[in-house]
Amino acid sequence: MDERPEPMEQVQASERVAEAAEPVPVASEVATPEEVQPPPLGPADEVEALRQEIEHLKQLSEEYLDQARRARAEFLNYKRRVEQELEEFKHLAHMELIAKLLPVLDDFHLAIAHLPPDVVDSPWVQGLLLIERKLWSVLEAEGVQPIEAVGKPFSPEEHEAVAVSGEGPHHVVVEEIRRGYRLRGRVLRPALVRVERRASPPEMPAETTTDGKRGEE
């Protein structure tokens, strides 16, 4: 006759099997905040970290200094360019104003050149001459200078020929029709002249010494 386990024994066996199938609780594998923190640095590590930080700051300071120098150089160049443009603008405006006054000076010269000899000593003529001298003194103070023409070699930069006569390779100014002027070394208005062609160049004046005497040839 077969022996079979009692019902109570069967229940106990089933419970043991169920307990074996359940997972065994273990400690959590998630790291704690304390475990995430790096280990404390030693003296050597702190020195190395400070050295790296100093090097980084030095690089930043050099970059900022270079940028500041570039900005300053660009500003100085801009300032210099603006000042130069302003000076050129003032110079051009100055030239235009003086150029407008030159025809007035021409009228004075024309009137003075055609004065009758018997009225030269009259008060109103002397007043006219005084006005002309005052106008010229103002222009001269601003840097205006007349261009020498008669007897000089013809220069396209300073002279404008209205008539040419004669034959020869040398062009000499023989008559000034309208005076020309320079303003601080720059030609403000060329002189209107009559030119004559000659076979020989014009005679240049001898150089003068410091005592005003002409030098010996």
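Two strands count as paired if DSSP finds at least two bridges between them. Helices (H or I, at least four residues) and strands (E, at least two) are DSSP runs, numbered from the N terminus. On those terms, β1 and strand β4 (residues 181-183) pair in the antiparallel sense over three bridges.

This is a predicted model: local features need pLDDT of at least 70, side-chain atom pairs count only at pLDDT 80 or more, and totals for chains, interfaces and linings use all residues. Residues are numbered from 1 along each chain as its sequence is written, and side-chain values use heavy atoms, with hydrogens and water left out.

**Overall make-up**
- The protein chain holds four helices and six strands.
- Along the sequence the pattern is α-α-α-α-β-β-β-β-β-β.
- Of the 217 residues in the protein chain, 15% are buried (under 20% relative accessible area, with exposed over 50% and partly exposed in between; 1.4 Å probe, protein chains only).
- The protein chain has an accessible surface of about 17,900 Å² (Shrake-Rupley method, 1.4 Å probe), and carbon and sulfur atoms own 56% of that surface.
- Take the contacts (heavy atoms within 4.5 Å) in the protein chain with a separation of 6 or more: 63% join residues 24 or more positions apart.

**Sheet**
- An open sheet of three strands runs in the order β1-β4-β5, with antiparallel pairing.
- Its edge strands, β1 (144-146) and β5 (186-189), each pair on one side only.
- Neighbouring strands of this sheet are turned by 40 degrees against each other on average, direction ignored.
- Those angles use axes fitted as lines to C-alpha atoms, for helices over the stretch in contact, and run from 0 to 180 degrees between N-to-C directions.
- Proline 146 stands opposite tyrosine 181 in β4.
- Helix α4 (residues 123-141) lies across β1 and β4, at about 110 degrees to β1.

**Nonpolar cores**
- A nonpolar core is a set of buried Ala, Val, Leu, Ile, Met, Phe, Trp, Tyr and Cys residues joined through side-chain atoms within 4.5 Å.
- The largest one has 11 residues, among them Met95, Phe108, Leu135, Val144, Tyr181 and Leu188.
- Helices α3 (43-113) and α4 and strand β4 each supply at least two residues of this core.
- The biggest share comes from α3, with five residues.
- A second, separate core has five residues, including Ala149, Val173, Ala191 and Val193.
- Valine 144 touches Ile98, Trp136, Leu139, Tyr181, Arg182 and Leu183, leaving aside residues up to four places away in sequence.
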